Amino acid sequence: MSKFVKIFICCLVIMFSFTFCAGSKVHQYKVQVVKEYPHDPASYTQGLFFYDGEMYETTGQYGESTLRKVDIATGKALKQFNFDRKYFLEGSVVLNGNLYILTWTNKVAFVYDAATLQYKATYSYPREGWGLTTDGKSLIASDGSSRIYFLDENFKQQKVLTVKMNGRSLNMLNELEYVDGKIWANVYMTDMIVIINPSSGIVEGAIDCTGMLPQSLRDDKTDVLNGIAYNPADGKIYLTGKYWKRLYEVKLADKK
């Protein structure tokens, strides 16, 4: 079975789960745009996070992968590091002064000094890298399955959660963000973000982001929703997508 067939089947299962959850205990939200900002349409967003009040972004694709410190107001990179074309970068986060970056299938992870952005180390990584976040104690990673991995700072596995919604495993978990004690996850190939209990793996909320990026701002290159950043300094949440032309500050409202 090809990778694309597997993705199609997973998407059908995910769509069924989201449809079914309308009458379940999963809290239903819709996203409301508070403010919009420019976003580099050449940015295939993989990781998005705040550190010391500044936004950082990692972008993917072979030959396009970068680490960026981003000016929100303009969408332009204040600092940018281009990676060798053999690397496909994925999720990223800062923990205890170190900036961690996963790669998709290269089976390595990079570590930089968060303050200076100087390279520190390369680690072997045993699985596909997708999303990455932290609860302030552990690195928390996804691999495109229903599993979420808790790791120490040397990537040693501490525990694994299987994420379930309505009793079913939820696959295709992608970009991650830790928000107010919960794990938020983009579900790849959908316009949904799920809110996960980090102790049980149970999905407690589903956020519908349909239509956030209007058709007028889409073109042939525009890809899927991906990129969640929470700024703990002011509690604001930002969303974007792969090759999107906008970054959105958002808030949640109950879906009726």
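Biologist: Which residue forms a salt bridge with R147, and how far apart are the closest N and O atoms?

Modeller: A salt bridge is a side-chain nitrogen of Lys or Arg within 4 Å of a carboxyl oxygen of Asp or Glu. R147 pairs with D143, and their closest N and O atoms are 3.7 Å apart. This is a predicted model: local features need pLDDT of at least 70, side-chain atom pairs count only at pLDDT 80 or more, and totals for chains, interfaces and linings use all residues. Residues are numbered from 1 along each chain as its sequence is written, and side-chain values use heavy atoms, with hydrogens and water left out.

Biologist: Is D143 buried or exposed?

Modeller: Look at relative accessible area (1.4 Å probe, protein chains only): buried is under 20%, exposed is over 50%, partly exposed is in between. D143 has 12%, so it counts as buried. R147 has 35%, so it is partly exposed.

Biologist: How many salt bridges does the structure hold?

Modeller: Seven. One of them joins K182 to E204, with closest N and O atoms 3.0 Å apart. K182 is in strand 17 (residues 182-187) and E204 in strand 19 (residues 203-208), 22 residues apart. Strands here are DSSP runs of E, at least two residues, numbered from the N terminus. Both ends are partly exposed: K182 at 25%, E204 at 31%.

Biologist: Which residue meets K255 in a salt bridge?

Modeller: D208, at 2.8 Å, N to O. K255 lies in the segment after strand 22 (246-254) and D208 in strand 19, so the pair ties together parts 47 residues apart in sequence. K255 is partly exposed at 37%. D208 is buried at 16%.

Biologist: Now the inside. How many cavities of 30 Å³ or more are there?

Modeller: Rolling a probe the size of a water molecule over the atoms shows where empty space is left. A cavity is a set of points on a 1 Å grid over the protein atoms alone, where a 1.4 Å probe fits but cannot get out; lining residues have an atom within 4 Å of a point. The count is one cavity of 30 Å³ or more. The largest cavity holds about 60 Å³, the space filled by probe spheres set on the points, which are joined across faces, edges and corners.

Biologist: Which residues line the largest cavity?

Modeller: Among them are P38, M55, I72 and L247. I72 sits in the loop between strand 4 (66-70) and strand 5 (77-82). I72 is buried, at 16%. I72 touches P38, M55 and L247, among others (contact means heavy atoms within 4.5 Å). Y37 is another contact of I72; the two are 35 residues apart in sequence and 6.7 Å apart, C-alpha to C-alpha.

Technical notes: On a 1 Å grid over the protein atoms alone, a cavity is a set of points where a 1.4 Å probe fits but cannot get out, and a pocket is an open set with protein on both sides within 12 Å along at least five of seven lines; lining residues have an atom within 4 Å of a point. Helices (H or I, at least four residues) and strands (E, at least two) are DSSP runs, numbered from the N terminus. Lists of a residue's contacts leave out its neighbours within four places in sequence.
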